[in-house]
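Please work through each task before reading its solution.

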Amino acid sequence: MDMNITRRHATALLMAALGGGLRSAHAEDLAPLRIAHDLPIAWLPLYVAYERKLWQSEGIGATTIPSPHGTATLISVAGGAADIGVSTDMSVCVGAFSKTAVKIIASFNQVENMELACTSAIQSPADLKGKRIAVVQANPSQYYFSLLLKKYNLAPTDVSLVRLGPAEMLSALNGGSIDGFVWQEPFLTQAAKTEGKKFHRLREPGLNKIFASIIVNEKTLRERRPVLVKALRALDQACTFTRSNAAESVRIGAQFSQMDPAVAADAISRMEIGLSLDAPVMKAKMIDQANWAIAEGIARPGSVVPDYMDYLDPTVLADARRS
């Protein structure tokens, strides 16, 4: 799959969804909101909000700020180029070491989206010793793999860790320069269906969930709180629609993420869709990730684990629930 084409097509879909809503409402009556995000299937309720014109129904004129990955989204929001963004708890966790000034105000999806795609020589994680496995650096991909090694009593030195971007992983596996990679759909299915190759997927349920989260900087939180409340109400409606309309949600998710509907349906079946923010649970998870980041050298030597309560603000969601 040509990922550049995918991004252009998906961005065009977003713009079409937004434009259709604006034709049915007076643009001058809508509060502008710039939303930064990339395009994984895990962001499904966001796509539903675009497709179903839920932003407009809450009086919001949404503008999409395309982003290649979570770190770029974090930077875009922290620097004020976007009002809100969609990222993972991992991105916020790692960004906190550099004091990246964002807060999570809600999460709308919890999902186990990482798996190992590998050659037939790896029939179980116990076969990983001596193998070359690609991960995305400082990402849930790398974190998932570290948890997998720990579960099967393997040391990091028992494998050769290869740091690659997602677009490089499948070609590296095909070319024989790696024995497997840890990433998400649609790359996992593409690897398993590669003609003539004996690649397969190893799923390890219960290892790690990502939290698809809404992030905002402090200035926006302070100055545009009413709009943020409306945005969370729109996402809450999107979550409700997603849970109640499986077939239509699959269609929307497949369209926006440029995935085969069957692949999208399988991925969506493992999602826990719903607007929430359990600050103690999120804090504990990010502390675990932070200790891992220090041990792996992702954070600078001597780094102190940040106070992650400073990066969580459940009050906007509480306001949205009351209104």
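**Exercise 1.** Determine in which sense strand S6 (residues 132-135) and S7 pair, and over how many bridges.

*Solution.* In this predicted model, S6 and S7 pair in the parallel sense over 4 bridges; strands are DSSP runs of E with at least two residues, helices runs of H or I with at least four, both numbered from the N terminus, and two strands pair if DSSP finds at least two bridges between them. Leu161 of S7 is the bridge partner of Ile133. Residues are numbered from 1 along each chain as its sequence is written. Local features need pLDDT of at least 70, side-chain atom pairs count only at pLDDT 80 or more, totals for chains, interfaces and linings use all residues, and side-chain values use heavy atoms, without hydrogens and water.

**Exercise 2.** Describe how helix H10 (residues 225-244) and helix H14 (residues 315-322) cross.

*Solution.* Their axes (lines fitted to C-alpha atoms over the stretch in contact, with angles from 0 to 180 degrees between N-to-C directions) come within 9 Å and cross at roughly 70 degrees. H10 and H14 are therefore roughly perpendicular (65 to 115 degrees) to each other. The contact (heavy atoms within 4.5 Å) includes Leu228 and Leu232 of H10 and Val316 and Leu317 of H14.

Terms used. Parallel < 35°, antiparallel > 145°, perpendicular 65-115°, else oblique.
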